[in-house]
Amino acid sequence: MARTAEEPAIQAEALTMRFGNFTAVQDVSFDVAKGEIFGFLGPNGSGKSTVIRMLCGLLRPSGGHGSILGRDSTREAEAVKRSIGYMSQKFSLYPDLTVHENLSFYGRIYGLGPKLQPRMDAVVEQLHLAPYLRRSAGALSGGWKQRLALACALLHEPRVMFLDEPTAGIDPVARRELWDFLYELAGRGVTLFVTTHYMDEAERCNRLGYIYLSRLLLLGNPDELKGDPRVTPSAARWLEAGLDGSEAPMERLSAMPGVEDATIFGNTLHLLADNSVDAAELGRLCGGLDFREGAPTLEDVFVRLTRLAEREQRTS
Amino acid sequence: MMRGMSGIIYKEFIQITRNPATLVIMLLIPIVQLIIFGYAIDTEVRNVRTVVLDLDNSHESREFLNRFRATGLYDLMGQVTSDTALEAEIVSGRASVGIMIPAGYGRELAGGRPAQILVLIDGSNNTIASQTMSTAQTLGIRMSIERVSPRRLSQAQLVDVRTRFLFNPDLRSAAFFVPGLVGVILFLVTMLLTSFAIVREKELGTMEQLAVSPVSRGGLMLGKILPYLLLGMIQMNVVLFFAQFVFNVDIAGSLPLLEGLALIFVFSSLGLGLIISTVAKTQLQAMLISFMILLPSILLSGFIFPRESMPLPIYWISALLPVTYFEEILRGIMLRGAGMEALWDETAVLTGMGLLLLAIATFRFRKTVG
Ligand SMILES: Nc1ncnc2c1ncn2[C@@H]1O[C@H](COP(=O)(O)OP(=O)(O)O)[C@@H](O)[C@H]1O
Ligand SMILES: [Mg+2]
């Protein structure tokens, strides 16, 4: 999606969060345009949920500020709360209430009044919840729990949605359906902020941010990230070879000078090789593999940048 | 059969010690219990508040009062000037015993004629009532025997101590424990349920979901406590109903007054429940903390043991418990038919405590939720 000069839907400016003398989020800045799907990635504990909590006005930042649709997350928290939907990392609905009761509870909390019934009908229809209305929320399977959580978060028609690991622990079909629905939302102009650990989900996002050890390391669309010079140094290129059932000599490869980040995707051996390494030579050394030029994957991007950051931290 | 037991034991101990707050409370509870049972629970009755109407004011009447004081059972805390005032002191709960010495007591005795003394006793607490009654009568008999001389043998008892129970004349224990129970149950339900209701949302993670919604802190707090306030009031009325129709404990005073003052009391126990919920992280912790407050509230509030007989430090602890004042109010209205004019002190203290606790609760609640 093209970036416009229009006011961003989500804005983080030098957001910092300290818990005691531990810094959970350090100087994180980014913009998310309206209608964009922004993917926020990073290892566990890197500060993703904390960034979301600050943007939603749940936590007061120790430094910097966040804003939603031009309103400050801290100073105008009440206005911000009306315009956002939030699905927390943990399933957080009432397991002892039925699907219907959970929905009408959240509708009341948001003061929907006479709009409650039509809105409930709408989200039930969009997320196909009708057969489950009388079932208690605690008895639903993971995928249906997430649908219900999404339905509750959408009742008040938020223009910005925060989804914290919405697909963690749900099956591939439910995952696919959820993403189809997210696209539908984005198509209607809703801005989506999604955290995930799945690379295929990252590929589906318009833009990505990668946070590691409380710092934002990367920002850009998937193609921009793959083209980042830190991922592919100028004196190296990515090589790939089909394995066809033969075993990959991983140990030998990692000991080889000029070869880095060798990994296997299904039947393909994938590595970063220095320009001094000859592809044909490498193939022979690996027992007759046929290497050709490849491109870095998003996983390569994150793995390499994490390694670089680790190295930087060790030296400093 | 025992396969894997050592592994389970190992893990349990790790989990028990991993949660320091729970562990501390677990260790504190027996200590609190020990202190209460060791010091406060003493079935011996002492220092029963007693007022005196001495219409004789003679050497003999003063001697009689000194004998009363010497037993250690009666705490002669003051004189009144009329029999209506004497009764009012007992109805209000300021005194449990009233001694009336009629005019001419000294003259009758000096003349070798029998003289009467009237002892009014608040019968609502049957432990206090029966002890103060028997001690007063024994005192009368003993003084009579001392005055009997071989020259003047008389059939009649010279110092004739007449005792009269003002309320609960049959000394039924139900009359005493039912009002006390009403207070304790109301306290338990409102405090425990409120703290549980909030801590459960924290555990579930729904509190965070509520915090991102536009619901106001005040709306959240009131929405959380009002249902339990209603529940508590319904429960109190159920207990009152059973008290009346199963235990025949009638409400001597005004029911609307009782309900009104109960409402004031409930605010302080809801406040406590809210404060607990801001401290506790799990429902288990909330329960343990509630238990820490509940235990002294049951044992020290005067529900089981008379407060007057407690050692001073324990007496002061009991003065910090809202239930103590509510128990006074309950017994006053239900058994003695006390009206508002006799309950100002307790009502004032309860109102103050309620406001203070709610203020602390609101402040802490704002800080922890959001
Ligand atoms: N309320 C808090 N108090 C103290 N530390 C916290 C708090 N919330 C999060 N943290 C810490 O901050 C770090 C980042 O947490 P989080 O934002 O949840 O990471 P992520 O969502 O990326 O897994 C973690 O180390 C976590 O333990
Ligand atoms: Mg998280």
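Biologist: Which residues in H6(A) does H5(A) meet?
Modeller: Happy to start there! This is a predicted model, where local features need pLDDT of at least 70 and side-chain atom pairs pLDDT 80 or more, while totals for chains, interfaces and linings use all residues. Residues are numbered from 1 along each chain as written, chains are lettered from A and ligands numbered from 1 in written order, and side-chain values use heavy atoms, without hydrogens and water. From H5(A), A:Gly143, A:Arg147, A:Leu150 and A:Leu154 make contact (heavy atoms within 4.5 Å) with A:Ala174, A:Glu177, A:Leu178, A:Phe181 and A:Leu185.

Biologist: Are H5(A) and H6(A) roughly parallel or oblique to each other?
Modeller: These helices (DSSP runs of H or I, at least four residues) pack at about 15°, with axes 10 Å apart. Axes are lines fitted to C-alpha atoms, and angles run from 0 to 180 degrees between N-to-C directions. Angles under 35 degrees count as roughly parallel, over 145 as roughly antiparallel, 65 to 115 as roughly perpendicular and the rest as oblique. Therefore H5(A) and H6(A) are roughly parallel.

Biologist: And how are H7(B) and H13(B) oriented to each other?
Modeller: Their axes come within 9 Å and cross at roughly 140°. H7(B) and H13(B) are therefore oblique.

Biologist: How far is an oxygen atom of ligand 1 from an N or O atom in the side chain of A:Ser49?
Modeller: A:Ser49 is one of the residues around ligand 1, having a heavy atom within 4 Å. For the side chain of A:Ser49, the distance is 2.7 Å.

Key: Helix = DSSP H or I, 4+ residues; strand = E, 2+ residues; numbered from the N terminus. Polar contact = N/O pair within 3.5 Å; in protein donor to acceptor, adjacent residues only side chain to side chain.
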